[in-house]
2 protein chains.
Amino acid sequence: MSEDKINYLKKIIDEKIEEYFTKKINLATHNKLLYESMYYSIKDGGKRARAILFILTYGIFKENYEDYFDFALAIEMIHCYSLIHDDLPCMDDDDLRRGKPTNHKVYGEAIALLAGDGLLNEAFEVLIKLSIDDRASLKASYEISKAIGGFGMIGGQIADILGENKKLNEEELRYIHENKTGKLIKASIISAGILCNCDQDILSTLGEFGEKLGYAFQIKDDILDVIGDEDHLGKSINCDIKNEKSTFVSFYGLERSIEIYDRLSLECMDILDRLSKLKDVNLLKSFTLKLIKRNN
Amino acid sequence: MSEDKINYLKKIIDEKIEEYFTKKINLATHNKLLYESMYYSIKDGGKRARAILFILTYGIFKENYEDYFDFALAIEMIHCYSLIHDDLPCMDDDDLRRGKPTNHKVYGEAIALLAGDGLLNEAFEVLIKLSIDDRASLKASYEISKAIGGFGMIGGQIADILGENKKLNEEELRYIHENKTGKLIKASIISAGILCNCDQDILSTLGEFGEKLGYAFQIKDDILDVIGDEDHLGKSINCDIKNEKSTFVSFYGLERSIEIYDRLSLECMDILDRLSKLKDVNLLKSFTLKLIKRNN
């Protein structure tokens, strides 16, 4: 049942993305290839974890989550922009993403650069448009903008680059993962709470949940990068090792990384159990479990 | 007198930028180099034409333009992000900008990429923050977001890239310049009008002025690229020719380009003369003249 609902949400998000970009591609003239390249990277892509976390968190407090599909779309656009730029030759130089050639492998570097810029911009355009008629959206958008900026995702990316070929300490490793992956996941969850006008206590609880889940998410990525199978992952494994990056596994070793991961996972479930005394959190719990158990 | 005021505004903008980024650099930890590289490109940079156009347009209708310095800052951040990405090796591959080495020449490509992303993001963060207490800012920010997105500046950039080593027709050339340079200049002017709650007639007039000025601005760039002197420009001349791009001059020839430029300049001044029957536009007129006569 909850599995059905989650699959249904993923399907709807994919459809909304198709609808959004097909419309833009049809409207486009000399910018058609830009939107085609944006669509190439965002379609059929990944787990839609951030968008689904956003919608399910929203669904805990209010029913009309359909009104905020555009918000969820903007979150996926942001995630996708970060992947396109991350894959560029001057960054991770990856050829494969989600089982298909990366954006720059298909369209060339210049267009991939602009496709990333375009997606970030498009996300803000969508968020600002939503906010014109809805004050709560504006505060939620502000949360997102901070999470993905220089003191958030981009901050994590720069620390990641500077840490290449260097032995990082625990605090540096934590900074990178908290910011590079964690903050957008956390903001996807908190922004839904802001949209539902949740009080500060609930927002803190959501924040704590989002932070641990985001952190766990990155550790799992690092673990899968070592033990995952390339077909399931849809990207080259051992790529972080190739790039001489400090990962959780290279820092703590595999066994200890799995231990930390398991502890974080339990803590995430505990927080949801606490929330379940106030609200029905079953769907979010199922999806969190699904993310915890993922093998890609 | 008006010259003094314009120089004063430029000085204030430079100071605000210094203040903004110094504060961020001081706050930064592992993301310090990110903010240093952003600041490297945005400091002491250029004419601040967009920010000054914004402030002077605002000043036509209302006095409290100091309240919107952050808005002007955001516009300059956007402009700067577009230059950093434009200069990257996969784009125009420029070594020199405003008389100093381009961002990637100093910090490397990965950091330059992130500095550009960071500036775009920072601009939206500033705009959204401003909008939380001020509804007009939100509408003005929406105008900016559209102007710089896939149907604006980024659209123009992609058309520009696709047009390399190709003979463009007049419509294609116009699309590129209207979007790549024109739309942000136009939006800098219109957004000030929106912030002042100007009526639709005035907004249309401002839009017409901004469009012609933005267009003229790009033609002048192309003309200076051929006849300008490298010391004054602070960038490599003939660089568009090196990149085999269709410019106004390569399309219409120098003489005809200057003719078109002069006509557009006159039309800009005519629009301001019309506005001057309603409002004091002297400062904006002086600055427009200064831009028209610029040799860098």
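In this predicted model, the side chains of Lys180(A) and Asp160(A) form a salt bridge with an N to O distance of 2.7 Å, a salt bridge being a side-chain nitrogen of Lys or Arg within 4 Å of a carboxyl oxygen of Asp or Glu. The pair joins distant parts of the chain, since Lys180(A) lies in helix 9 (residues 170-195) of chain A and Asp160(A) in helix 8 (residues 153-162) of chain A, 20 residues apart. Helices here are DSSP runs (H or I, at least four residues) numbered from the N terminus. Over all chains the count comes to 36 salt bridges, whereas between chain B and chain A it is 0.

The interface of these two chains brings 50 residues of chain B into contact with 50 residues of chain A, where contact means heavy atoms within 4.5 Å. Chain B and chain A bury about 4,600 Å² between them, 74% of it on carbon and sulfur atoms; buried area is the accessible area (1.4 Å probe) that two parts lose on being put together, summed over both.

Within chain A, helix 3 (residues 49-61) packs against two helices, as tabulated here.

| Helix pair in chain A | Axes | Angle |
|---|---|---|
| Helix 1 (residues 2-27) and helix 3 (residues 49-61) | within 10 Å | roughly 120° |
| Helix 3 and helix 10 (residues 200-227) | 13 Å apart | about 155° |

The axes are lines fitted to C-alpha atoms over the stretch in contact, and the angles run from 0 to 180 degrees between N-to-C directions.

Helix 1 of chain A and helix 3 of chain A are therefore oblique to each other, in a scheme where angles under 35 degrees count as roughly parallel, over 145 as roughly antiparallel, 65 to 115 as roughly perpendicular and the rest as oblique. Their contact is made by Ile6(A), Leu9(A), Lys10(A) and Ile13(A) of helix 1 with Ala51(A), Ile52(A), Ile55(A) and Leu56(A) of helix 3, and these residues divide into 7 nonpolar, no polar and 1 charged.

Because of its angle of about 155°, the second pair has helix 3 of chain A roughly antiparallel to helix 10 of chain A. Here Ala49(A), Arg50(A), Leu53(A), Thr57(A) and Phe61(A) of helix 3 meet Ile202(A), Leu206(A), Leu213(A) and Phe217(A) of helix 10, a set comprising 7 nonpolar, 1 polar and 1 charged residues. Nonpolar covers Ala, Val, Leu, Ile, Met, Phe, Trp, Tyr, Cys and Pro, charged covers Asp, Glu, Lys and Arg, and the others, Gly among them, are polar.

Residues are numbered from 1 along each chain as its sequence is written, and chains are lettered from A and ligands numbered from 1 in the order in which they are written. Local features need pLDDT of at least 70 and side-chain atom pairs count only at pLDDT 80 or more, while totals for chains, interfaces and linings use all residues, and side-chain values use heavy atoms, with hydrogens and water left out.
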